[in-house]
Amino acid sequence: MADLTLTTFDWVPEPPRGFVRDLRVRWALEEAALPYRVASAPFEDRGPAHFAHQPFGQVPWLTNGDLSIFESGAILLHLGERSAKLMPTDPHGRAETTEWVFAALNSVEMASLPWAMSKFMGHPTDTAAWKFVDDFLKLRLKHLEPVLAGREWLAGSFSVADILMSDVLRVVDGFEGLADSPACRAYVARSTGRPAFAKAHADQMAHFAAADKARGA
């Protein structure tokens, strides 16, 4: 495999640390034991070179030789093509993994992100707008709960689908949004209890801590 380089921000404020989405890619790379290096892009001064790799000025992106891929879901599918530890090799398993990747990003995160952002911003919870957001997430969790109650992982063995789904759900869990979804909560604990997650999380936190020192913070 060509050299893999994961690019993330050189620094971020404290609140998003541990949740910046390069963690999803770090996690996958650690699960598959694929060698990689980490590069940095400026957080505060995003220039043309950044937008050439990531048209929305976000992170992460992964370069694999002369190939550059943005969006965490696309990156994980790319890595899944290269490691049976990240995606099953049989057609049924690959199809099931792919559909759950899209479910995590399009069905669950679509509902969880506005909910979590509202919680983070401290928006009032006695409004019609909040009720809509809260009900939307609860509906998604209602349908996901029996799925996760009946299986350990989404597509048989642990896969990129589990990295994405558990990363989406752990944000909700951080705001106690899984209190009425015990199977979802157990799934997050099971996923984040894996050594590869612990390594990826620690490495991301260390990356930003080193940036603090470099900035004299």
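Visitor: Which residues line the second largest pocket?

Guide: This is a predicted model, in which local features need pLDDT of at least 70 and side-chain atom pairs count only at pLDDT 80 or more, while totals for chains, interfaces and linings use all residues. Residues are numbered from 1 along each chain as its sequence is written, and side-chain values use heavy atoms, leaving out hydrogens and water. On a 1 Å grid over the protein atoms alone, a cavity is a set of points where a 1.4 Å probe fits but cannot get out, whereas a pocket is an open set with protein on both sides within 12 Å along at least five of seven lines; lining residues have an atom within 4 Å of a point. The lining of the second largest pocket consists of Trp115, Asp134, Leu137, Lys138, Leu141, Glu176, Gly177, Ala179, Asp180 and Ser181.

Visitor: Which helix gives the largest share of the lining of the second largest pocket?

Guide: Helices (H or I, at least four residues) and strands (E, at least two) are DSSP runs, numbered from the N terminus. With 4 residues, the largest share of this lining comes from helix 5 (residues 128-149).

Visitor: What is the volume of the largest pocket?

Guide: The lining of the largest pocket has 31 residues, and those nearest its centre are Pro16, Phe19, Arg21, Leu113 and Met117. Helix 4 (91-121) is one of the helices that supply at least two residues each, and helix 4 gives the most, with 7 residues. Grid points are joined across faces, edges and corners, and a volume is the space filled by probe spheres set on the points. For the largest pocket, the volume is about 1000 Å³.

Visitor: At what angle do the axes of helix 6 and helix 7 cross?

Guide: Axes are lines fitted to C-alpha atoms, for helices over the stretch in contact, and angles run from 0 to 180 degrees between N-to-C directions. Contact means heavy atoms within 4.5 Å; residues that make it here include Met165 and Leu169 of helix 6 and Tyr187 and Val188 of helix 7. The axes of helix 6 (residues 160-174) and helix 7 (residues 182-192) come within 9 Å, and the crossing angle is roughly 120 degrees.

Visitor: What is the order of the strands in the open sheet?

Guide: Two strands pair if DSSP finds at least two bridges between them. Strand 3 (residues 61-64) and strand 4, for instance, pair in the antiparallel sense over 4 bridges. The edge strands, each pairing on one side only, are strand 2 (37-41) and strand 4 (67-70). The sheet has 4 strands with mixed pairing, in the order 2-1-3-4.

Visitor: What angle does the direction of helix 8 make with that of strand 1?

Guide: Helix 1 (residues 22-32) packs on the sheet, touching strand 1 (4-9), strand 2 and strand 3, and its direction makes about 155 degrees with that of strand 1. Helix 8 (residues 195-215) also packs on the sheet, touching strand 1 and strand 2. The direction of helix 8 makes an angle with that of strand 1 of about 55 degrees.
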